[in-house]
Structure formats: C-alpha cells, structure tokens
Amino acid sequence: MLDLATGTGIVVRRARELCPSLERLVGVDVTAGMLAVARDVADGANAEFVEGDACSLAFEESSFDLVTCQQGLQFFPDRAAAVAGIHRVLAPGGRAVIATWCELESSPAHAAFTAALQTHLPELAGASRNPFALAEPGTLLALLGDAGFVDTTVERVTRSARFVSADAFIRSFAEGSPMAIPLAAVPAHRREAALAEGRALLAPLVGATGLVFNLSTHITCGRKA
C-alpha cells in the first residue's frame, strides 16, 4: 500500500492496525518535517516514509495493490499527473482511494474562519478555500476516468469533527495547513484581528464538550483494469 500526502502518517498507522499482514506499507510526502514526525509516531508500525513529489512518483510500474490519498489531491499542482502516476504504480486489479473535502459550506467551522479572513485578510480568503477545491463529484470521476481507471465511484460521507475549543480548531487550520505560511507573513495586528473575528463566528458551535460541527468528504474509488 502507498499513501500519498501522508503528512504525519495517520493513514499508514491505521492501515497497519487494520491489516497487520500488509507486506509493504509506504507513505510519501513533500514535506520533510511532516515525515520526521510520521517516523517518530509510527515507531514499530513497519512502514517506510519517503520524501517525494506525488505528481512525479519515483516507484516502478505495478508496485502497489492499493494507493490512498487523504485530503491531498486538491493541493497538488498537477492533479492529472498525480492520478496518472497512481494508475501507473498500481498493479492490474489494484485500487485507488482518494478523499477530498466537499463544498466549503458543508463545514460550518471552516466557512466561519473563511468569513473572518474575507473581512480582515481578503487576500487570503481564496487560500482558505483551497482545501475544498475538488468538491464536484464529476470532476473527481473525470480525473480517474481520464487516467484509465474503471469501476469509478464517489461516495459522500459526513462525520462530526470535534475540537476541545475554538482556539484549538483555529490553531489546527491556521498552523497545521497550507494557510500557515501566508498567515505568518501578514502583519501581526491584521492576523490577530482575523483570528479574533474567527473565534467570535465560531462561538455558536461551541458547547459543553467543545467545538463540534459536521464535516463532509467525498471518497473516490477506482480500479486499474
């Protein structure tokens, strides 16, 4: 199994837990710091973590039976090349499983934070929508179909997301996503104004157990003939 945009390796760790007999388990990410954490927390999981570009995979043809990508494809600069590469490295009969967020409005917390950015940092509001850039099922199916996948499907899945507080969510999004670099570059007073507005807009979602909201994702699957 190969996991693209593996980040700190949560999909790899869960795969090893669910299928201990996996012969080879590999996570790829472009960020060395993420992979360092992945290697540390995956101690004993018998997994490889490789620094690499998902749009130009350095693996031989037919190397894997399963390729996964959780919330990464929407950020790739060349999505078509990435999906074609997934198809190439899969063995015949192998499957791709790709998760991408649905529309921004399906996540009230992300929508609230984006609204705060639109007010105080309008130049960054577009970047906050990037995680939701592959929300159309037709686009997902076309990407897989053009790469040669068959038996393609898209399923919408909704779950509850939970954070201990609004601040914990803001930190996750503002520091643990591609938003971190542009946010860090703006003047501190403008950034703090946006974060304060975000906390205020998130307040209605905060209850006795913390910040709770629904979040929807598409799970797109395809098979290599």
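This tour moves through the structure selection by selection, from an aromatic cluster to a helix, its salt bridges and the cysteines.

The model is predicted, so local features need pLDDT of at least 70 and side-chain atom pairs count only at pLDDT 80 or more, whereas totals for chains, interfaces and linings use all residues. Residues are numbered from 1 along each chain as its sequence is written, and side-chain values use heavy atoms, with hydrogens and water left out.

**Stop 1: the aromatic rings**

A search of the whole structure finds six aromatic pairs. Rings of Phe, Tyr and Trp (its six-membered ring) pair if their centres lie within 6.5 Å; planes under 30 degrees apart count as stacked, over 60 as edge-to-face and the rest as tilted. Select Phe 113 and Phe 173, whose rings form an edge-to-face pair, 5.3 Å centre to centre with 65 degrees between the planes. This pair links distant parts of the chain, since Phe 113 belongs to helix H4 (residues 108-120) and Phe 173 to helix H7 (residues 166-175), 60 residues apart. Helices (H or I, at least four residues) and strands (E, at least two) are DSSP runs, numbered from the N terminus.

Next, select Phe 169 and Phe 213, another edge-to-face pair, with 5.6 Å centre to centre and 80 degrees between the planes. Phe 169 lies in helix H7 and Phe 213 in strand S8 (residues 210-224), so that distant parts of the chain, 44 residues apart, are linked. Both Phe 169 and Phe 213 are buried. To view the cluster, select Phe 113, Phe 163, Phe 169, Phe 173 and Phe 213 together, which are joined by ring pairs.

**Stop 2: helix H9**

Select residues 188-202, helix H9. The helix has 15 residues and reaches 21 Å from its first C-alpha to its last, close to the 21 Å expected at 1.5 Å a residue; the expected span is 1.5 Å times one less than the number of residues. Within H9, colour Ala 194, Leu 195, Gly 198 and Leu 202, which are buried. These residues lie on the same side of H9, because they cover an arc of only 95 degrees around the axis. The arc is that of the directions from the helix axis to the C-beta atoms.

What do the buried residues of H9 pack against? Their partners are H4, H7, strand S7 (206-207) and S8, where contact means heavy atoms within 4.5 Å.

**Stop 3: salt bridges**

Side chains of opposite charge can pair when their charged atoms come close. The structure holds seven salt bridges, each a side-chain nitrogen of Lys or Arg within 4 Å of a carboxyl oxygen of Asp or Glu.

Asp 167 is in helix H7 and Arg 199 in helix H9, distant parts of the chain 32 residues apart. Asp 167 is partly exposed at 42% relative accessible area, and Arg 199 is partly exposed at 33%.

Then select Glu 123 and Arg 190, whose closest N and O atoms are 3.0 Å apart in a further salt bridge. Because Glu 123 lies in helix H5 (residues 122-129) and Arg 190 in helix H9, the pair ties together parts that are 67 residues apart in sequence. Glu 123 is partly exposed, with a relative accessible area of 46%; Arg 190 also counts as partly exposed, at 27%.

Finally, select Glu 48 and Arg 24, which meet in a salt bridge (3.0 Å, N to O). Glu 48 is in strand S3 (residues 48-51), while Arg 24 sits in the loop between helix H1 (10-18) and strand S2 (26-29), 24 residues apart.

**Stop 4: the cysteines**

A search of the whole structure finds zero disulfides, defined as pairs of cysteine sulfur atoms within 2.5 Å. Select Cys 19: the nearest cysteine sulfur, that of Cys 221, is 16 Å away. For Cys 221, the closest cysteine sulfur is in Cys 69, and the distance of 13 Å is too far for a bond. Cys 19 is partly exposed, at 30% relative accessible area, as is Cys 221, at 23%.

Note on methods: Buried < 20%, exposed > 50% of the residue type's maximum accessible area, 1.4 Å probe, protein only.
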